[in-house]
Amino acid sequence: APGQAEMYAGLQELGVANGEDLKETLTNCTEPLKAIEQFQTENGVLLPSLQYALPFLDLHGTPRLEFHQSVFDELREKLLERVSAIALEGKVEERYKKLEDLLEKSFSLVKMPSIQPVVMCVMKHLPKVPEKKLKLVMADKDLYKACAVEVKRQIWQDNQALFGDEVSPLLKQYILEKENILFSNDISFLQNFFSPSPKTRRQGEVVQKLTQMIGKNVKLYDMVLQFLRTLFLRTRNVHYCTLRAELLMSLHDLEISDICTVDPCHKFTWCLDACIREKFVDNKRARELQGFLDGVKKGQEQVLGDLSMILCDPFAINTLALSTIRHLQDLVGQDTLPRESPDLLLLLRMLSLGQGAWDMIDSQVFKEPKMEAELITRFLPLLMSFVVDDHTFTVDQKLPSEEKGPIPYPSTIPEAFTKFLQENRIACEIGLYYILHITKQRNKNAFLRLLPALVETFSDLAFSDIFLHLLTGNLTLLSDEFALEEFCTSLFDGFFLTACSRKENVHRHVLRLLLHLHHKVAPAKLESLQKALEPSKQSGEAVKELYNQLSEKLELRKPSPAEVTETPSMELPLPTVPTPASR
């Protein structure tokens, strides 16, 4: 049987008798019992004292197999311990010479299940397993599966395709995990996509597995980075940029200097990681980051491609954008213009580099994108004027009103603002973060004023998953406004529904929001929204599932026909009780 053959694989080559030999002996002999006894004597454990102990075990009904198995297991454990010890003792050349000799002697038994762990242990401790042995392991699926990651690394470093096959499912899993968070049914302004700290994120399964697969192997690290660049180019999916930074910082946590010292982005990423942890770029770190960017030497511009990918990580963009909004508010208080603030200009420079990552890696032209002067001289002052409008309105409300009556909140948007959001990527990103900021402040007036500008934005950024995930979370702070017709019409008809039919992700985010806030929406509006949001035949499973969940919730809210008919009869006696109104 094939199983039997596996059990004894390789014994014959070493001149050790196996099951087949016993079979042959018994087939060709005249006295089987004598033959068995002789076979036992020749192949048993050669200890004189055992001759008396074994019959004693027989009296206790302990099978010989059980005895030999326990001796074998004990010896194997001792051998495994010894191999691990050899790997640490004596001079380097000597210890590896011993292990190589041991591998040479034992490798023919590698397919024998009981001996396999020892052979695998010897290979694991060898920094360079002979090429021939690696090829044999690689060619056999079961052996490849059984060998330690230390051995696999040696195989992978010369087989990019095989390594790619191992890494690919992990990268798919990573992207899926990110998308699941963005589309999670738990909507909250307290807990969102950006809540986990960088250190917590690096403990994720995929990052940990990749870190382990790479070990200290620079060649494998470079391969993973190449995979991430290629996938980022192919899909434009920014989560690959997050993984690029997380992987480097995971190796940093483990102090793998073999890799960290050769990655030119290491110190920059380390500094930026601290900013992401604080969700703010302070002055000291701003100087450090600027030093790295200014320090890119002639002939080394290619590093900008890697730095731009680190800055394109949504967690980096989020930190830079939040810091920009905070700086703009400070500038309003200081009566200072954006162009006079070096810290603000640095934030814009990094945002620009991050947002230009795809174009830079695609074109292979490694130079910093040119900053448009109008962004600084026109767009940012415009945002500051919105902050001033809010302050003015708040002060006006507090002043004693004379005959003139209350001053209305400004309702028009300057045309330039809408144009910037449509044509300038950095302006659009900052504009969207400003809208998230006013929503978080529960500033309904400012939100309704600027919302129409979101219908058409640069590259449809206002309908991207990250923005909608944050917006839906912040809108829970304005939950009481959902009872008002005007608010719902502006938000749903004026914004969300303009894109639902052409963008499935928007459809999903609206349904997520309604699942959370449906009880706050006026019934008539809710009914029309339910009709408008009905999935089409082309809709994906996720949309249909969310819609069904919403329909079930709304069904539960409707009073049952029985209740409707019973209610009046229960109320009939009430008018007979004298009430103040009927006297």
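Modeller: Gladly. Keep in mind that this is a predicted model.

Biologist: How much space lies in the largest cavity?

Modeller: About 100 Å³.

Biologist: Which residues lie nearest the centre of the largest cavity?

Modeller: Its lining has 13 residues. Nearest the centre are Ala245, Met249, Asp273, Ile276 and Asp313.

Biologist: Now the open spaces. What volume does the second largest pocket have?

Modeller: About 1200 Å³. Its lining takes in 44 residues. Val238, Gln355, Arg425, Glu429 and Leu461 lie nearest the centre of this pocket.

Biologist: Which elements give two or more residues to the lining of the second largest pocket?

Modeller: They are helices H11 (160-182), H14 (218-235), H20 (314-334), H21 (342-355), H22 (357-363), H25 (425-440) and H27 (465-475). H25 gives the most, with 6 residues.

Biologist: And how do the residues of this pocket lining divide?

Modeller: Into 22 nonpolar, 12 polar and 10 charged.

Biologist: Let us turn to single residues. Is Leu478 buried or exposed?

Modeller: Read the relative accessibility against the cut-off. Buried means under 20%. Leu478 is at 4%, so it counts as buried. Leu478 sits in the loop between H27 and helix H28 (485-500).

Biologist: How far apart are Leu478 and Lys444 in sequence and in space?

Modeller: Compare the two separations. Along the sequence, Leu478 and Lys444 are 34 residues apart. In space, their C-alpha atoms are 7.4 Å apart.

Biologist: What about Ile36: why does it count as partly exposed?

Modeller: Partly exposed runs between the buried cut-off of 20% and the exposed cut-off of 50%. Ile36 counts as partly exposed because its relative accessibility is 33%. Ile36 belongs to helix H3 (residues 32-43).

Biologist: Which residues make the nonpolar surface patch of about 270 Å²?

Modeller: Leu26, Leu33 and Ile36 make it. For patches, a residue needs over 30% relative accessible area. Ile36, at 33%, is therefore above that cut-off.

Key
Residues are numbered from 1 along each chain as its sequence is written. This is a predicted model: local features need pLDDT of at least 70, side-chain atom pairs count only at pLDDT 80 or more; totals for chains, interfaces and linings use all residues. Side-chain values use heavy atoms; hydrogens and water are left out. Patches are made of residues with over 30% relative accessible area and no salt bridge: like charges are joined within 9 Å, nonpolar side chains (Val, Leu, Ile, Met, Phe, Trp, Tyr) within 5 Å. Accessible areas come from the Shrake-Rupley method with a 1.4 Å probe; for residues, only the protein chains shown count as cover. A salt bridge is a side-chain nitrogen of Lys or Arg within 4 Å of a carboxyl oxygen of Asp or Glu. Helices (H or I, at least four residues) and strands (E, at least two) are DSSP runs, numbered from the N terminus. Buried means under 20% relative accessible area, exposed over 50%, partly exposed in between (1.4 Å probe, protein chains only). On a 1 Å grid over the protein atoms alone, a cavity is a set of points where a 1.4 Å probe fits but cannot get out, and a pocket is an open set with protein on both sides within 12 Å along at least five of seven lines; lining residues have an atom within 4 Å of a point. Grid points are joined across faces, edges and corners, and a volume is the space filled by probe spheres set on the points. Ala, Val, Leu, Ile, Met, Phe, Trp, Tyr, Cys and Pro count as nonpolar, Asp, Glu, Lys and Arg as charged, and the others, Gly among them, as polar.
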